[in-house]
Amino acid sequence: MSERRFLVLRLGSLGDIVHTFPAVAALREKFPASDIVWLTHPRWNMLVKSSGLASEIRNIEPRALRSLRAAIAQIRASSWDAAIDYQGLWKSAALPFFGGVQRRVGFSSSTIREFGVPVLYTDLVTPKTTHIAEQNGELSVRVGAERVAPFSLCVPVENESAVRSQLKRCGIDRYIVLSPGGGWRAKCWPAERFGQLCRDIRESLGLRCVVNYGPGENDLAETVRASSADAEPLLYDGELGELMALLRNAICIVGGDTGPLHLAIALGTPVVALYGPTDPLRNGPYHVTAERGSVTETSTTHFGQDIVLRETNAATSHSRNDQTDPSMLAIDVDSVFAAIRQRIGAAK
């Protein structure tokens, strides 16, 4: 019989789920025989499953009334020791509230982005840490777990084989992944500079680049290719399992504060991260056991062995506009290329 029964809520997105894994891993480590039921969007079912942390994964379409009703009915049909809302939005906080869960743990108003959400929680946590992964861990602490714990992701063999075959057909063996997207364009490094970087990598290191892009980012990928001269980058928009395989076997990934970057970190891939309007102290590369750096005095910082480039005077902002933030424009191609050489240990 299980020790306890927890309902975990983190509906999306890619990077946010990755930053929730250390907190749920702490929950699993403390209560190894407990039921941990993770509620998430169907798109992320495979990602959550790959962590092996959840006893059960339930899917929900937050915009579909039928799905909401079904999820609430399922929650009501079970008894729970606690629901932990790592999402912190109305759409997530409302589920255990209407599902009749007696103990509902979530962030206080100092952290919540949507006004009023904390009224739906019984246990309010005001984070004392800075990084979002550790803030998530503070929710786990409230129910008796440690803050964070290590975790690993399992990549399906069939996805590994599919990606390996595709790369082989394209004549690619060793490669660097470039990820020019970022959810909102203000935090994206210019695609033209990714193209120049791709050319430098091919000419100086003899490596091909794979340009990963997601829905709505076709223009970025095409711009990278057009700006790369004859460097022949491969444009890649595979499914999640194949993306995991691609990232895990890369020599390095270069990108901004975006899901694929954080997924690559979780898979153990070397990273050069480009930051501007978002603060890497809160949203940067995160390793459970690595000592992370400070970005208050220098634009080049090591997070464990990973490297973050950010303009020293960059202002933190979450304004989701389409204009590239000036702090991203302050990062030049030469600096990024030098960071790549340093990160992968190439000779200068």
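Start at the second largest pocket: select I265, A266, Y286, H287 and V288, which lie nearest its centre among 23 lining residues. A pocket here is an open set of points on a 1 Å grid over the protein atoms alone, where a 1.4 Å probe fits, with protein on both sides within 12 Å along at least five of seven lines; lining residues have an atom within 4 Å of a point. The model is predicted: local features need pLDDT of at least 70, side-chain atom pairs count only at pLDDT 80 or more, and totals for chains, interfaces and linings use all residues. Residues are numbered from 1 along each chain as its sequence is written, and side-chain values use heavy atoms, without hydrogens or water.

The space in this pocket is about 340 Å³, taken as the space filled by probe spheres set on the grid points, which are joined across faces, edges and corners. Colour the lining by type: 12 residues are nonpolar, 9 polar and 2 charged. (Ala, Val, Leu, Ile, Met, Phe, Trp, Tyr, Cys and Pro count as nonpolar, Asp, Glu, Lys and Arg as charged, and the others, Gly among them, as polar.) Helix α11 gives the largest share of the lining, 3 residues.

Next, select strand β11, residues 271-274. Helices (H or I, at least four residues) and strands (E, at least two) are DSSP runs, numbered from the N terminus. V271 and A273 on one side of β11 are buried, and so are V272 and L274 on the other. Buried means under 20% relative accessible area, exposed over 50%, and partly exposed in between (1.4 Å probe, protein chains only).

Strand β10 (252-255) runs parallel to β11, joined by 3 bridges; strands pair if DSSP finds at least two bridges between them. Find G255 opposite A273 in β11. Trace the chain from β10 through helix α11 (259-266) to β11: this β-α-β crossover is right-handed. That is, with the strands pointing away from the viewer, the path from the first strand over the helix to the second runs clockwise. Strand β13 (306-309) is also parallel to β11, with 3 bridges. There, L309 stands opposite L274.

Move to helix α10, residues 240-248: 7 of its 9 residues are buried. Among them are L240, G241 and L243.

Last stop: the cysteines. How many disulfides are found in the whole structure? The search finds 0, a disulfide being a pair of cysteine sulfur atoms within 2.5 Å. Select C209: the nearest cysteine sulfur, that of C198, is 3.9 Å away. C209 is buried, at 0% relative accessibility. C154 is exposed, at 53%.
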